[in-house]
Every structure is written in structure tokens, then in C-alpha cells.
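Subject: Structure handover

Hello,

Please find the structure below. My notes follow it.

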Amino acid sequence: MIMYLHIDKRHMKRFSLINSLLLAVLAVAVIAALVAAWEPIERLELKLYDLRASLTSKSSLTSVVIVSIDQESANRLGGWPWPRTYFAQAIHQLQERGAKQIGLSVLYAENDPNPGLWEIRDIIRKIETDPGLLRPGQITALFPQLQETEKRQIRKAIVSSSLSALRNVVLPLLKEAEKRIDSDTALLSALAAAPNVVQPIAFILGDGGAKRNPPVPDYLQRNSLPASGTERFSTSDTLSAPLPEYARLAAALGHINALRDSDGIVRSDLLFIAFNNSLYPSFGLQLALKELNLSLHDVRIEENRVILGDRILPLIEGKKVQIVPRTASAYPIVSFADLVDGKVDANAFRNKIVLIGHRHSMPLEMLPAQPVGMLPSVDAIAHVVDVVLSKSFVSRPAWAVAAEASVIALLALMLAAFWSARLQLALITSLAILFIWTAISFSLFLTQGVWLKIAHPMVFFALALGVLFIRTALVPQRSEDAVGSEFFDTTDFRVRFAAKTDTGMVRDRNEDSYCADKHLGLLAVADGVGGRASGAVASRMTADLVTENLKKGFPDVSDAVKLTRSDLSETTKSLGMAVMAANKSVHATAELNPQLRNMGTTLTAMLFDGNRASIAHVGDCRAYLIRHISIEQLTDDHTVAVEHSKRGLSEDMAQMRHVLTRAIGITPDIVPDVDELTLTDGDILLICSDGLFNMVSDGEILAVVKSTGDPFRACTRLVELANSNGGHDNTTVVVAYIEKRR
Ligand code: MG
């Protein structure tokens, strides 16, 4: 028997150990994913970040207006790239309408490729060197669009045969045409007239390891800070700047490199990029500095923050500033074509920061003469300006990862601690932890701009539930959870019986047992008590031992005198002694096995013989007799409540009312209550554990057994009722229909 117990115990230990190991591995894996920003979970995390960002103020606190290079403009102005003259016109329009700062996020690193202009310049050069080219007859063909007065002047010059006169007429015409189509010069003059235009530079990010120190042009020097080498900003060794004549006219130069998250959205800004021992600020930062009347030299860079006057920008991992993506409606949007055509309200740009650019991120190589990489949407630049000016900074405090990992570990602990014994408690505490963490995260984000991750704990919880439920489904359950309708005969009666036991809705382990031995005519229910799994051991062992003892018989009947009544049949005495002997064995086993110490069980057993049913009873399993239309409880519960009320004692021990006063296995000797019942045709006998009678009323029990007529259907229906009423405990029920033998 001890061998049998050891096997059973080991099986149960391995089950919980595997669960704990799985939870630990899962927790470590999710924490590693958190630290490494593993993309699949990080994407979900970023969506939840956006959700929080969307709850922040919807309207921009700053005065940013976006001039969008959009499809409508392309329809009206022609396909991209547009002549630079359009940008020259746009800048003129913005100057006239009082724009405070202009951010032109289009990079012109080379001269405009303009074959028509090159051809005119070639003609001018040739005429200047050889006026003889201006022969009669060729001139009018050269200028088909000439006005009549101009034609007269040319004819006059030809008639006078004065080549110099001809040259003086033709060359100004050519130079005027050159000016009209020279868009570089047009943009240059627009920039010269506008001292408030911030222009872009772009880097190819790399390791910056080339260690070259080429002379840096003055316009770049003015727009950089010396690097100490300890700032650990992203580095580059390739830079693309606007044409020097443009760049020298810029109010400031800022880089437009954007770091995109794995889902393609820009949620952060590389505040500085290190290049050639200098730090170059971002486009958005430069615009914000201009708006704040600060210069780059007012900027102080510290370990994890950048200070601009009274603003302290927290830097997150990668030395970036986290930005808050706002909805499309956050900034007024004006179509570029409307601006160029002068169709915009005169006050639309007054004292505003105007950003000109594409609203969708696009590869830089799609733009002429620009480096490989990505151009951020102008919205992302607007977000940077907005974050700095409205001080809506988002930070990841140094303790964030530790706190997030602790929440995951706490969830693992809660599930490990309660999953086996208290499933509902495990689910409720875990959900409560998740809810509280989510509430803290949202609250800190909205009030302090602190970003704590919530997707990782959620993913851990979902995975852990999946693993544990699958494990629970795969672990084999006891197959002996029911006996279908069977029968045995005594000399007078046929006993049709069935049995069913069920774990219930709350417990994850069934510690009840039953036995139904048709050869002995024995039916019994036992409900184990004790730590860990020992209750199940005690109940199963007792049911088996009573059966075994009855089969063996009792050569020594000395114990029978302990039974309180002397008028008992031999059958009843045997049953009583079988229970007493079982108690001795269970107690001895518990004493020998430290893991089983204090295990015990209740037991109610019925042994059928002739026209009688003998009953032996210890604890709070019950036997009921249903006769005609009444139900009668045949056993008294051995609980504090019942014993005290029987003895007329006060009931000041209400909290102990369910505590057992007698149980098998706890003491070396025990005396069961024994009784006998004379059977009549049509009687129904029922034995059950407290899981049934605490959940289902006597009236319901009566209705079920009377209405079904079949013992197995009655058992099944009663277990279903107990579970639908809450199923707080294991439920075991044995039903026997007694019929007179014909
Ligand atoms: Mg119970």
C-alpha cells in the first residue's frame, strides 16, 4: 500500500513542478523580449502607446501650419519634382502673409538639372564670342515669338549691317529668357529675401569611424555644436547639405533623418547626429529653438537629457526624444498649390510656424539629388516642434524595465501559487494586477508623460493562461469518475445503483472517492481532507480498505464491543469493524509518511443484506432515504455545529461550524456511527459528499431522484445542479433504487 501511495504522490508533484517550470520559462522569455524590444510584442506595445497618445490633447498647443506637397498640388502643378520657382513663389507668399518661421523640408543639394537653361547659356556664350553668328535670315527663325517692335529693331540692325547693334538687341533678350527659366536663381533670390527659412541637411547613418577631418564649411559650423565624444548620439560619416549658396542664406540647418519604429511610424526624434566631431541638431529642434529665440549655444547636453532654457527634454534609449503622434487634424493643412496660386486666407500664416513638405514618409532617393534613406513626413517634424514648445515630453524612467519585469514575475507567482488550488483566485488576482498596472501606466502617461509598457505583461498573462489550460486539459483525469446504472440483488431486493464524482467548478483536484462493489453489496462515499494531495489519498485508500476488509472478513471481533449499540446484525457489525480497521491503516500510513501527515477522510458506507441496509458513518458525508414523497437524512454530520446543537451548547463558535469533530485517519482509533434500515419496495437511497448538499437543497434532490427514475441519470443531473449552483467543492453522489424482487 505504501508503494501505491508513493507512486500517486510523485505523479502529483511532477504535475505542479512542470507548471511552475513552464511559467518560469515563459516569464524569463517575455522579460527578455521586453529588454530586447522583440518586434512582435513591441508592435503591440507601440499600438498601446498610440492609444495613450491619442488620449492626450487632440489640438496642437503650438501654432504650426503644414503646407502639404500633396496629390491635389501635383494634379494642378504637374508631376513631382516641381520647378524650384514654385518654392520661390511659396516663400514669397509666406513672407507677404507674415509667417514667423518657415521650415522648408525639401533638400536641394545640387543645381536644378535644366537642359533648356543650358542651351540658352550656350547660345549666349557663342554670340558673345562670335557675333558673326547673327547672320541675316537666321534671326527671326531663332526668335519666332518676337514682338513686332523687336523684329523692327533687329531688321534695322541687319540693314545697318552693324553686328554690335544686333548683339545689343539679341543678348538682353536671351538673358531675360535665361532668368525666366533659371529656377535655382529664383529660389536663391526668394531665400535671400526671407531670413527665417530653416533648411534641411541629411545624413547616412553609420559608425562615423572614418575619422576624417575635412574642412567644414562655415554654414555647417554655425549649425553644429562641438562633440565631446561621450554623448553617444547616432553617428554618420556622410552628409548631404543644400547648395552652399542656399545654405548660407538659411536661418538654421537641421537634419531630417528619421528613425522609424518596426511598424513604419516615426515616434521619436534623433535630437542630434554626430558627424566629424560635431553634433548636428534635428530640423524640428532648430525650428523650436528659433521659435523660442534660443541659439544652439543655449543648448546644454547631459547624460540623459537635453536642456533648452527652462525646458528639460528627457532622452529615451538610443538618445532619442519620444514624440507624441497626434491625429491628422492636429495642425491646419494648406495645399501647396493653393499657397502658390495665392488662394489662401491672408491671415492663415501670420505669426505661425509653417512647415512645407510631404505628409507621408518617402524614400529620399525619390527626390532628385538626395541621399539614400527616408524622409520623414512633415507631420513627424511638426510633432517634434509641438512636443518641445508645449513641453509634452515622454520619458522612460530608469526603473521602468525593472518595474515591468516585476509585474511579469508577480503574475507568474500568482498563477503558480493559486492555479492548482484556487483557480478563480488565480484569475482574479492576475487580472487585478494587470488592471492596476494598466491604470497606473495610463495615469502616469497622461499626467507625467511617463511611458510604462503594458503589452508585455498582457502577452505573458495570455500565454501563461494558454499553457496552463492546455496542460490542465492534457493531464489525464481519473477515469473512474462514474459508474453507470448497474444492479445487484439481495435475497429480497434488487438494488439498481450508479455513482458519479466531479471536481466541481472551483477546485482543480478531486479529493472525493466512492466505492460501489456489487459483489459485496457495498456503496460508499468518502471526502478526503488534508494538505496538498493527501486528502485524495486518504479518501481513496479508505474506500479501498473498507472493501478489502469486508472481503477478508474479521476473525477478531473484539472491536465490535466498541460499537455503541448491541442490537446490531452481524452485517452491520462487520461494516463498523471494516471502517475501524480502515481507520487504523490510514492513520498508520499517515504516521509513516511525512508528506501524508494529518491526512484524513469522511466516510458514509452502506452494506445491503437481505431486507436491510447497514450504515456506517464518520464525518459529514450524508446518507438520505427518499420514501414516497419525503426525503430524510439518515446520518448526523460530525461537525462542530451539529455536535454543539445536539449537546445544547452555546453557538459562539460560528466560524468553526463546518469543522469536523470526527474523521478517519486522524486518530489511531475511531468509532463510526452505525445504524440499520429496513428496506421497502420503492425506497431510494442516496449517499453524497458535502459538495452536493451544500449546493443543492433537499427538495431539489428529492425532485431529481423522483423524476428521473434512473440512478445514473439522477447522479449526472445532481452533479450538474451542484456545478450550475457554483460547484464550490468536489461533488460525489451514489444513488440506489430499491425494488422488491418478483
Ligand atoms: Mg467536500
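The notes cover a metal site, a pair of helices and one serine.

This is a predicted model, in which local features need pLDDT of at least 70 and side-chain atom pairs count only at pLDDT 80 or more, while totals for chains, interfaces and linings use all residues. Residues are numbered from 1 along each chain as its sequence is written, and side-chain values use heavy atoms, with hydrogens and water left out.

Metal site. The magnesium ion has Asp 527 (OD), Asp 690 (OD) and Asp 729 (OD) as protein donors, 2.0 to 2.3 Å away. Donors are N, O and S atoms within 2.8 Å of the metal (3.2 Å for Na, K and Ca); water is not among the atoms, so sites may look incomplete. The spacing of these donor residues in sequence is D-x162-D-x38-D. Asp 690 and Asp 729 are both buried (under 20% relative accessible area, with a 1.4 Å probe and protein chains only).

Helix pair. Helices here are DSSP runs (H or I, at least four residues), numbered from the N terminus. The axes of H12 (residues 283-291) and H14 (residues 378-390) come within 8 Å and cross at roughly 45 degrees; axes are lines fitted to C-alpha atoms over the stretch in contact, and angles run from 0 to 180 degrees between N-to-C directions.

Serine. Ser 534 belongs to helix H18 (residues 534-552). Its relative accessibility is 1%, so Ser 534 counts as buried. Leaving aside residues up to four places away in sequence, Ser 534 touches Gln 595, Leu 596 and Met 599 (contact means heavy atoms within 4.5 Å).

Regards

Terms used: Buried < 20%, exposed > 50% of the residue type's maximum accessible area, 1.4 Å probe, protein only. Helix = DSSP H or I, 4+ residues; strand = E, 2+ residues; numbered from the N terminus.
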